[in-house]
Each structure stands twice: as C-alpha cells, then as structure tokens.
Amino acid sequence: MSTSKNFSDKVVLITGSSGGIGAVTAVEFARCGAQVVITGRNADNLSEVAKQCAAVSPKGLKPLEVLADVSKDVDCKRLIDSTISAFKRLDILVNNAGRGMHCPITDTALLDKYREVMDTNLRSVIYLTHLSVEHLEKTKGNIINISSIVALKPVSTAFLYSMSKCALDMFTKCLALELGPKGIRVNVINPGAVRTNFLQAVGLTKEQSEAAYSERGVQYPVGRVGESIDIANAILFLASDEASFVTGIQFVSDGGALNANTS
Ligand code: NDP
C-alpha cells in the first residue's frame, strides 16, 4: 500500500494506464477508493490492469476501460465523453501517456517523428485539458502531467522527446495561472529513469532495456533507477487535498540524478 489517502467518490482518469507508471498509478488510486478510468491502445493489457484495480478497490469498483490512441483528437474526445457519460464528473486528470524518440537531426523521417512525438506527448495533453476544464471546474479538481528530467537536461539525439516534455512543463505553469481562479490545480512531475517498458517501446530489446536501467541505477545517488510506484506515490500526493496549496510546480522525482548530472 503506497498511501493512506482517500479518493472515495473521486473520478480519476489516467492516460497511458495499460502499462508502466500509468497502470501502477491506476491501481493505487483504486486502492484508495477512486473510480478510475483507464485507457491505452492495447486491450489485453488494459483488461489485466482493470482486474488489478477491481481486486484492490475497497468497494470492488470496476474501472471504465476506454481503448484510445491519444494522438488522435477523436479518441481524446471519446475518452472524456465516455468518462462524463459514465460518471457525470471528473475530479483528477493524469496526463501520463507518452513515448520516447531517438532521432538525430539528419534522420530522413524527422518531420514524421516530430509529429508523432508532439501529437502523443503534447497535443493530446493540451486537447484533453481543454475538454476537461469545464468538468474539473465543477469538482474543483486537478491535473497532473507526466514530464521527464530530460526536459531539464539536454540529451543528444533525444531533442524531439526533450522538447515535447519541456513544452509540457511550460504548459503546466501557464495553465496553473489560468486555471487557479477556477479552483483547478495543475502540476507536473519530472521523473528520472523508471523501470518500465518505455525503452522497449522505442525499439530496445528487453535485455538492452534492463542493461540501460542497471547502468543508470549505479550512477544515481540513491543507487537505483525508479520504479513505477515511486512516481505513482508522487502523483497521488499532488492529486490529494494535502497538496491543495500546490500548483504550477515541477516535482522532480529522480533519485538525485539531475544533481548528479546524469539522466
Ligand atoms: P510505458 O511505455 O511502460 O507505458 C506507456 C503507456 O502509455 C502505455 O500504457 C501505453 O499504452 C501508453 N501510450 C503510449 N502511446 C500512446 C498513445 N498514442 N495513445 C494512448 N496510449 C499510449 O512507459 P512509462 O510508463 O515509463 O511512461 C509513462 C510516462 O512517463 C510517459 O509520459 C513517459 O514519457 C514518462 N517518463 C518515463 C520515464 C521512464 O524512464 N520510464 C522517465 C521519465 C518520464 P498502449 O501501448 O496500450 O497504447
């Protein structure tokens, strides 16, 4: 159990919750009583996460599962519409879905990759936020965006990914100013390396991915890379009433990597 927080009666939508950080976050919200809405493109993975959520939910609440590709505007719209249609409210939006991208500036598919990363990591967040504001204003809810420490430290050939996350950080800060008067808090978390399928999603084998995490773990001051629960704990804190005076912040959760000048 990650937290003693109580999210009973809260409707929480977590994008990218068919795996990795998003899946663990959904399970933790469910454990704390929330009605969760989970979403991703892989139906089998989504069903598996749904089972885990229902198993830990104090009232046995079943998540709403929505198959959606957040890089598509119609899917984003359907995601919010389905949530409101099912539960008539939205309290917390976690914009977690994202993908990495290795792309040297000489890459011949540069502009396609640019569109792919920006549509997934940034445009989706802007549009989902746009669609959610009227509902979050009613519940005095909040938004948590998932960025990365590469928004704060350049990484060679990862400029597309870094730029998408950098823009997400600034989006968060601007939105915190705009939405504060509506009673909506907006925060962003910048994780260091977290052991998930993230690197495999950009083409590394399982072995290469594991080797990369092990190598980085040694360089991190805490002696390990992050686990999804580390980031889920930060998300639940920022989403909770305990953080009611916190908005527009970049919450770095990186085992000290940035200060150690590693990523
Ligand atoms: P994973 O690859 O393990 O999970 C990514 C999740 O996002 C999956 O549920 C995937 O679902 C979903 N997703 C990806 N693209 C889309 C899309 N177009 N439409 C809908 N869902 C999508 O990665 P993580 O859990 O590690 O990543 C979560 C977030 O954390 C990302 O924003 C990432 O940038 C960030 N982050 C991760 C770090 C790490 O080291 N792992 C470090 C710093 C930040 P499906 O495949 O079913 O569509």
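Where does Asp-9 lie? Asp-9 sits in the segment before S1.

## Basis of the model

This is a predicted model, in which local features need pLDDT of at least 70, side-chain atom pairs count only at pLDDT 80 or more, and totals for chains, interfaces and linings use all residues. Residues are numbered from 1 along each chain as its sequence is written, and side-chain values use heavy atoms, with hydrogens and water left out.

## Overall fold

The protein has 8 helices and 7 strands. These are DSSP runs, numbered from the N terminus: helices are H or I with at least four residues, strands are E with at least two. The radius of gyration is 17 Å, close to the 18 Å that the globule rule gives for 263 residues, so the protein is as compact as a globular protein of that length. That radius is taken over C-alpha atoms, and the rule is 2.2 Å times the number of residues to the power 0.38. The C-alpha trace spans about 45 × 40 × 35 Å along its principal axes.

Contact means heavy atoms within 4.5 Å. Among contacts between residues at least 6 apart in sequence, 73% join residues at least 24 apart.

## Surface and charge

Of the 263 residues, 50% count as buried. Buried means under 20% relative accessible area, exposed means over 50%, and partly exposed lies in between (1.4 Å probe, protein chains only). The protein exposes about 12,000 Å², and carbon and sulfur atoms supply 54% of it. Areas come from the Shrake-Rupley method with a 1.4 Å probe; for residues, only the protein chains shown count as cover.

The mean positions of the 27 positive and 26 negative charges are 3 Å apart. Lys and Arg count as positive, Asp and Glu as negative; His and the chain ends are not counted. Each charge is placed at NZ of Lys, CZ of Arg, CG of Asp or CD of Glu.

## Nonpolar cores

A nonpolar core is a set of buried Ala, Val, Leu, Ile, Met, Phe, Trp, Tyr and Cys residues joined through side-chain atoms within 4.5 Å. The largest has 29 residues. Phe-7, Val-12, Phe-29, Val-36, Val-94, Ile-189 and Ile-235 touch the most other members. Elements that give two or more residues to this core include strand S1 (11–14), helix H1 (20–31), strand S4 (92–95) and helix H8 (228–239). Apart from it lies another core, of 28 residues, among them Cys-76, Leu-79, Ala-97 and Val-125.

Beyond four places in sequence, the residues that Val-94 touches include Val-12, Phe-29, Ile-144 and Ile-235. Ile-92 lies in strand S4. At 2% relative accessibility, Ile-92 counts as buried.

## Loop residues and backbone

Arg-99 lies in the loop between S4 and helix H4 (110–139). Arg-99 is partly exposed, with a relative accessible area of 22%. Outside four places in sequence, Arg-99 touches Glu-116, Thr-120, Asn-121, Tyr-161, Phe-198, Ala-201 and Val-202. Arg-99 and Ala-167 are 68 residues apart in sequence and 15 Å apart in space, C-alpha to C-alpha.

Asp-9 is not a glycine, yet has a positive phi of about 70°. At 61% relative accessibility, Asp-9 counts as exposed. Thr-157 also has a positive phi, near 65°. Thr-157 is in the loop between S5 and helix H5 (159–179) and is partly exposed, with a relative accessible area of 27%.
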